[in-house]
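Subject: Structure handover

Hello,

Please find the structure below, followed by notes on what was found in it.

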Amino acid sequence: MHFRVEFTINEGKREDFKKLIQEMARTVQETEPDTITYQFYLNKNNTKCIVHETYSNSDAALTHKDEVASKTILPMILEIAKINRFDAYGNPSEELQNVLTSFGSEMYNLFTGFSR
């Protein structure tokens with residue numbers, strides 16, 4: 001499963017946002033071994049952030065939702081930034097589909113292609 005999430009950061013909250021996403025990335029790296037990719041990209045003036053997340057499977061993505069980073073740090077991020085877009089790529093389980101729908105995610109099922 002791969003997610004692409006786009007945030008707009010509230011004016012005056014850029015430095016707070018940067019600190020929170022660094023803490024989020026550190027926590028996920030330390031506590032979620034089935035998270036394969038977890039990368040935050042900021043635009044030049046730090047007003048937008050794109051997050052790339054890759055999980056080994058639907059269960060790993062669901063675990064992420066229930067782990068400490070999502071329960072403690074993500075709510076603080078959502079107080080100072082807004083999710084503009086949330087795209088999910090892969091073939092999510094029914095349970096994960098329900099969670100993604102609650103976030104307003106657009107889902108894209110793999111049609112063809114490969115990864116090396």
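This is a predicted model: local features need pLDDT of at least 70, side-chain atom pairs count only at pLDDT 80 or more; totals for chains, interfaces and linings use all residues.

Residues are numbered from 1 along each chain as its sequence is written, and side-chain values use heavy atoms, with hydrogens and water left out.

The loop between E2 and E3

Thr47 sits in the loop between E2 and E3. Helices (H or I, at least four residues) and strands (E, at least two) are DSSP runs, numbered from the N terminus. With a relative accessible area of 18%, Thr47 is buried (under 20% relative accessible area; exposed is over 50% and partly exposed in between, with a 1.4 Å probe and protein chains only). Not counting residues up to four places away in sequence, Thr47 touches Phe7, Thr8, Ile9 and Arg14, where contact means heavy atoms within 4.5 Å.

Asn46 lies in that loop between E2 and E3 too, and counts as buried at 18% relative accessibility. Its phi is near 55 degrees, a positive value in a residue other than glycine. Most residues other than glycine have a negative phi.

The sheet

Five strands form an open sheet in the order E2-E3-E1-E4-E5, with mixed pairing; two strands pair if DSSP finds at least two bridges between them. Strand E2 (35–42) and strand E5 (106–108) are at the edges with a single partner strand each, so one side of each has no neighbour in the sheet. From one strand to the next, the twist averages 15 degrees. Angles here run from 0 to 180 degrees between N-to-C directions, and axes are lines fitted to C-alpha atoms, for helices over the stretch in contact.

E1 and E4 pair in the antiparallel sense over eight bridges, and the bridge partner of Phe7 in E4 is Ile83. Strand E4 (residues 81–89) pairs with E5 in the parallel sense over three bridges. Along E5, Glu106 stands opposite Asp87 and Met107 opposite Ala88. The chain crosses from E4 through H4 to E5 in a right-handed β-α-β crossover (with the strands pointing away from the viewer, the path from the first strand over the helix to the second runs clockwise).

The helices

Helix H4 (residues 94–102) lies across E1, E4 and E5 and runs at about 140 degrees to E5. Helix H3 (residues 68–80) packs on the sheet and touches E1 and E4, with its direction at about 120 degrees to that of E4.

Ala69 is in helix H3 and is buried, with a relative accessible area of 0%. The C-alpha atoms of Ala69 and Met24 are separated by 5.7 Å, although these residues are 45 apart along the chain. Leaving aside neighbours within four places in sequence, Ala69 is in contact with Met24, Thr27, Val28 and Leu74.

In helix H2 (residues 58–66), the buried residues include Ser58, Ala60, Ala61, Leu62 and His64. Among the elements that cover the buried residues of H2 are E1, helix H1 (14–31), E2, E3, H3 and H4. Asn57 caps the N-terminal end of H2, with a side-chain oxygen 3.1 Å from the backbone nitrogen of Asp59.

Aromatic pairs

Rings of Phe, Tyr and Trp (its six-membered ring) pair if their centres lie within 6.5 Å; planes under 30 degrees apart count as stacked, over 60 as edge-to-face and the rest as tilted. By this rule the count comes to six aromatic pairs. One of them is Phe3 with Tyr55, whose ring centres are 5.5 Å apart and whose planes are at 50 degrees, so the pair is tilted. This pair links distant parts of the chain, 52 residues apart: Phe3 is in strand E1 (residues 2–9) and Tyr55 in strand E3 (residues 48–55). Phe3 is buried at a relative accessible area of 5%, and Tyr55 counts as buried at 1%.

Tyr38 and Phe40 form an edge-to-face pair, 5.3 Å centre to centre with 85 degrees between the planes. Tyr38 is buried, with a relative accessible area of 15%, whereas Phe40 is partly exposed at 21%. Ring pairs also link Phe3, Tyr55, Phe86 and Phe103 into a cluster.

Regards

Methods:
A polar contact is a pair of N or O atoms within 3.5 Å; within protein, one must be able to donate a hydrogen and the other to accept it, and residues adjacent in sequence count only if both atoms are side-chain atoms.
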